[in-house]
Amino acid sequence: MRDHRATVLLTQCAGMFLVQLDVTVVNVALPTIGARLHADLPVLQWIVDGYTVVLAALLLSGGALGDVLGHRRVVLAGLAVFGAASAGCALAPAGSTLIAFRVAQGAGAALLLPGTLAVITRTYPGRREQARALGIWAGVSALALSAGPLLGGVLVSVAGWRSLFWINVPLTALAMAGTLLVPRDPPASGRVDVKGTVAGAAALALLVFAVIESSVVAGLAGVAAAVVFVAVERSSPAPMLPLTLLRSRTFAAANLVAGAMNFAGLGTILVVTLYLQGVRHVPPLTAALAMLPGFLPLSLLAPVTGRLTARFGPRPVMISGLLTGAAGLCLLLRVTEDSTVAGSLLPAFALVGAGLGLLTAAVVAAAVGGVPPDKAGVASGVNNTARQAFGALGIAAFGAIVGSPAQPAAFVHGLHVAALVGAALWLAAAALTAVAVADPGRNRVAGDR
């Protein structure tokens, strides 16, 4: 097994890379997909959100299923579903079909993502070697998010939008081959929170649908489903979301901040993509290069942020990230219908990216440090779920605010409104962090336990 450990690490990172890549790789292709499939803005929003909503809704259940059935088995199933769904996306003849296969992709990703981390920790049991392996895993995760727009721009320009999905198929097959090297892990006792999964997925899907389609009925149904979800989790013997964790002020605040981070961050990525290609009419590759300064900090700041968080605790790092990102969103108020990319957009997007780069590791550290050590895995899963869920809502909300780029003046006005909403949300999150996240000394102790 020891001879195969590097291969196992590589393939698990590859599987996780695909999951994270598909969060952002499609954005730069949305105008092209809309033109080729005659899809309007709500359909384009669902092409993104169909993936993220299901990923968020099933992420915790995917981890629980691995605990019950064995993570190797669940990772293989997730890779198979993800690969098959990717082929379906590549062959989709219409927007509705593409959305359906994106939903299936999200389900496969939710099975796959928690298991990759579990397989790596099992493969590298030693403390030091495990820390190095997890560092590689985290770095690849950040790289995937930042590489998405650039890779998407290159593939769309060279081979068309369908290549975004075809590329997943051979990579998924290689990841499955590597996962087969992992020894079988015997099933453990436990159960999957089916009722909680259904109620949570229904609440999230209905709320996103309500925002995208401006449906009051769907919004009320979503709120009702959320109430049912809370009731189910209160009474479940094995809840997907242990509500007792929310008694920790630091844990609750960290997840709210994580949600705010992705709400404004992913929403901004969507509207900037639509602005570049729909208002400024730049080619996909040029748009991807223009957005690169916003994504590079996610990879470049990851190791720096980890060291800063370890030394000072997550609170000052989170506040710095939120204030930096809010400043970048405020700079988007300078964008006009004929702004130059270098003059107005790049400084704003670079600051937003730097804010996200500072935040990502720190909010996870705050969430994990706010609960007992034996709940660290659940805390990490909840934090990932909060980011994906609020990211889906942010894409829906920001898309609804800006409207169609076919009306440039109205779109730019909407972009300004969305930027103000995002900046206000991040400033509120900074205030929440200051009063609710535990002081640096406490978090260092929690992280070392």
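## Overall composition

Of the protein's 449 residues, 54% count as buried. The model is a predicted one. Its secondary structure consists of 18 helices and 0 strands. The protein exposes about 17,700 Å², and carbon and sulfur atoms supply 69% of that area.

Contacts can also be sorted by separation along the chain. Among those between residues at least 6 apart in sequence, 82% join residues at least 24 apart.

## Helix α2 and the residue after it

Helix α2 covers residues 30-37, and its buried residues are Leu-30, Thr-32, Ile-33, Gly-34 and Leu-37. Just after α2 comes His-38, with a positive phi of about 55 degrees. His-38 belongs to the loop between α2 and α3. His-38 counts as exposed because its relative accessible area is 74%, where the cut-off for exposed is over 50%.

Most residues other than glycine have a negative phi. His-38 has a positive value, near 55 degrees, and is a residue other than glycine.

His-281 is not a glycine either, yet its phi is positive, at about 60 degrees. His-281 sits in the loop between α11 (249-279) and α12 (284-300). With a relative accessible area of 60%, His-281 is exposed.

## Packing of α3 against α4

Helix α3 (residues 41-69) packs against helix α4 (residues 71-91) at an angle of about 150 degrees, and the two axes are 8 Å apart. Angles over 145 degrees count as roughly antiparallel, and α3 and α4 are therefore roughly antiparallel to each other. The crossing of α3 past α4 is right-handed.

On the α3 side, the contact is made by Tyr-51, Gly-62, Gly-63, Leu-65, Gly-66, Asp-67 and Leu-69; on the α4 side, by His-71, Arg-73, Val-74 and Phe-82. By class, the residues of this contact of α3 with α4 are 5 nonpolar, 4 polar and 2 charged.

## Packing of α4 against α8

Helix α4 also packs against helix α8 (residues 168-179), at an angle of about 165 degrees and with the axes 9 Å apart. α4 and α8 are therefore roughly antiparallel to each other. α4 passes α8 in a left-handed crossing.

α4 contributes Arg-72, Val-75, Leu-76, Leu-79, Ala-80, Phe-82, Gly-83, Ser-86 and Ala-87 to the contact, and α8 contributes Asn-168, Val-169, Thr-172, Ala-175, Met-176 and Thr-179. The residues of the contact of α4 with α8 comprise 9 nonpolar, 5 polar and 1 charged. Phe-82 of α4 takes part in the contact with α3 and in the contact with α8.

## Packing of α14 against α17

α14 and helix α17 (residues 408-436) pack at an angle of about 165 degrees, their axes lying 8 Å apart. That angle makes α14 roughly antiparallel to α17. The crossing of α14 past α17 is left-handed.

The α14 residues in the contact are Arg-315, Met-318, Ile-319, Leu-322, Leu-323, Gly-325, Ala-326, Leu-329 and Cys-330, and those of α17 are Ala-419, Gly-422, Ala-423, Trp-426, Leu-427, Ala-429, Ala-430, Thr-433 and Ala-434. The residues of the contact of α14 with α17 divide into 14 nonpolar, 3 polar and 1 charged.

## Leu-322 in α14

Leu-322 is placed in helix α14, which spans residues 314-331. Leu-322 is buried, because its relative accessible area is 0%, and the cut-off for buried is under 20%.

Leaving aside residues up to four places away in sequence, Leu-322 touches Val-257, Leu-359, Trp-426, Ala-429, Ala-430 and Thr-433. Among these, Trp-426, Ala-429, Ala-430 and Thr-433 are residues of α17 in the contact with α14. Leu-322 and Met-261 are 61 residues apart along the chain, with 7.9 Å between their C-alpha atoms.

## Leu-143 in α6

Leu-143 lies in helix α6 (residues 127-159). At 43% relative accessibility, Leu-143 counts as partly exposed. The C-alpha atoms of Leu-143 and Pro-297 are 9.7 Å apart in space, while the two residues are 154 apart in sequence.

How values were computed. Residues are numbered from 1 along each chain as its sequence is written. This is a predicted model: local features need pLDDT of at least 70, side-chain atom pairs count only at pLDDT 80 or more; totals for chains, interfaces and linings use all residues. Side-chain values use heavy atoms; hydrogens and water are left out. Axes are lines fitted to C-alpha atoms, for helices over the stretch in contact, and angles run from 0 to 180 degrees between N-to-C directions. Helices (H or I, at least four residues) and strands (E, at least two) are DSSP runs, numbered from the N terminus. Angles under 35 degrees count as roughly parallel, over 145 as roughly antiparallel, 65 to 115 as roughly perpendicular and the rest as oblique. A crossing is left-handed if the near helix is turned anticlockwise from the far one by less than a right angle, and right-handed if clockwise. Contact means heavy atoms within 4.5 Å. Ala, Val, Leu, Ile, Met, Phe, Trp, Tyr, Cys and Pro count as nonpolar, Asp, Glu, Lys and Arg as charged, and the others, Gly among them, as polar. Buried means under 20% relative accessible area, exposed over 50%, partly exposed in between (1.4 Å probe, protein chains only). Accessible areas come from the Shrake-Rupley method with a 1.4 Å probe; for residues, only the protein chains shown count as cover.
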